[in-house]
Amino acid sequence: MSTTRAMIAALRDRLGAGDPMPPREPLPPVPAPPARVYAPRREQSRFAREAARHTTALVGIGHVGTRYATDVVLQFQAELAVAHHAVAAELPDDWAAAHGFVPLRSRVSTHREFLLRPDLGRRLDGPSLERLRAEADRGVDVQIIVADGLSAVACQQSGPALYATLRVACERRGLRVGTAVCAKFARVWLEDEIGQEVGAKVAVILLGERPGLGTGDGLSAYLVHGPRVGKTDGDRNMMSNIHARGTPPEQAAERLAALAAAMIEQGTSGVGLDLARVPGGDAGRGYRAPQVRQRLVEKGDR
Amino acid sequence: MLLEPIVPTVLSVRRIPNADPALLAAYGADPARHASLGLVTCDQDDALYVALDEATKHAAVDVVFARSFYAGSAHASGALSGEILGVLAAAEPQAIEDGLTALQRCLAHDACFYDADGKRGVTVFPHVIGSLGHYLAREAGLPVGEPMAYLVAPPLEATLGFDAALKAAAVRAVKITPPPTETNFACAWLTGLEPGDLAACEAAATAFAAAVVDVAARPR
């Protein structure tokens, strides 16, 4: 509707018309669109309800008609955004030096190339190799490498803390720990080349893990005995979900140090390692209190 | 009663759900895009031009044909002729239905001539379109969504009115059609000097209506 009628009514008043404007014909009512209103339905299954208490996975979320409830969808989108942000984040070039690490770099040149070419992320570039040879201690027991991996956010948040606790835990076991290095654009297998160059008995890489829903800040640790280029994943032991809501860094450091010591003692790693003989080997393998889902979207009353 | 709204009468409304391609082409529609037609006759041509534009804002319709008849509705060729035939075209009948609903709503509640002398001897159409649809936007050469004052009155009244309107606010003339036209009225389309200046269009239309009322009261 335009403003013309109101405009003319004002003009009539100005011209001194005594009688009021005839009322406009009332507008016809707008019929409501045909719609069914669905009430949210909680998950009925007891199994799903129980399972939902023990995982951060999206189970037992109920439904509204044939859809998810709005708060579930918003939660999903918020968590996915956290994951996207973590993958897109890039480790600043000066971060490693600022935190006391020797900065290294893989053969990857750009972040996009890093995502598309895992093979380039597994080898050091020329300048890094020279720097590693010149500055790193050789013949150490454990070489710890902090790296960005697929979540620079996780590396920046809990990388230094996990490194410090792991170093202390190793030294307490009488292991000699190598020079602190931090690799940018790194994949897991980069530990093979670094460990081989410094002649370490065990190489440990602590790197941001592939983000899942709501866990953009998780670190993973991969250990390999006798690192050299060409080792496979069968030669590695790993630990994932190292973050405040998963395994806390302090607890993880103890277990990682125990694993490293056991590798040196048994002279092997990966499938060959007898975990039953790892002292405190059940740490993190027994009962663990259920993780609680961190709500990024607050739910209103329904 | 001064400046009483003279509500237009819709004289006929008919649909052709699947029109013959030759007919579509003759009335300016594109047989490749259009199949259905909606036809309206009305006793106020300018109100229907505005209402046809309103329809394009509410449904996926195009105004393919809209022409005023000679000498106006007082000298119509038949009881249903009025002074204009407007034709909406669309790909399917439901769009025509939605367009016609919006069009009739606009004619019943919005666009109309006003009585400028209290005896319906002189009438004036000082309509302000808040946001142009794609029909009048194309006709005026303005962007869709711009405001526009659509001003119509008999020849001499209109001429004084246009002058008053152009001097009353920061507006420019998009198009002035001096008499004689088919219905022997004169018409002007004004828009703000600044894009989107609805207040300027309203001030101009008010000044236009006031000038026409003044001429009707004092013709000499």
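Biologist: What share of the contacts in chain B with a separation of 6 or more comes from residues 24 or more positions apart?
Modeller: Keep in mind that this is a predicted model. Two residues are in contact here if their C-beta atoms lie within 7 Å. Take the contacts in chain B with a separation of 6 or more, then pick out those between residues 24 or more positions apart, and you get 69%.

Biologist: And how much of chain B counts as buried?
Modeller: Chain B has 6 helices and 10 strands. A residue is buried if 20 or more other C-beta atoms lie within 10 Å of its own. Go through the 220 residues of chain B with that in mind, and the buried share is 51%.

Biologist: Which element gives the largest share of the side of chain B that touches chain A?
Modeller: Start with the contact itself: 20 residues of chain B meet 16 residues of chain A. On chain B's side, α3 (93-109), β7 (123-129) and α6 (198-217) each supply at least two residues. By class, that side has 13 nonpolar, 4 polar and 3 charged residues. The largest share is 6 residues, and it comes from α6(B).

Biologist: Over in chain A, is the crossing of α6(A) and α8(A) left-handed or right-handed?
Modeller: Helix α6 (residues 126-135) and helix α8 (residues 190-198) of chain A pack at about 35°, with their axes 10 Å apart. As for the hand, the crossing is right-handed.

Biologist: How many charged residues are in the contact of α6(A) with α8(A)?
Modeller: From α6(A) come A:Leu129, A:Leu132 and A:Arg133, while α8(A) brings A:Ile194, A:Glu197 and A:Val198. Sorted by class, that's 4 nonpolar, no polar and, for charged residues, 2.

Key
Residues are numbered from 1 along each chain as its sequence is written. Chains are lettered from A and ligands numbered from 1 in the order in which they are written. This is a predicted model: local features need pLDDT of at least 70, side-chain atom pairs count only at pLDDT 80 or more; totals for chains, interfaces and linings use all residues. Helices (H or I, at least four residues) and strands (E, at least two) are DSSP runs, numbered from the N terminus. Ala, Val, Leu, Ile, Met, Phe, Trp, Tyr, Cys and Pro count as nonpolar, Asp, Glu, Lys and Arg as charged, and the others, Gly among them, as polar. Axes are lines fitted to C-alpha atoms, for helices over the stretch in contact, and angles run from 0 to 180 degrees between N-to-C directions. A crossing is left-handed if the near helix is turned anticlockwise from the far one by less than a right angle, and right-handed if clockwise. A residue is buried if 20 or more other C-beta atoms lie within 10 Å of its own, exposed if 12 or fewer, and partly exposed in between; C-beta atoms are placed from the backbone.
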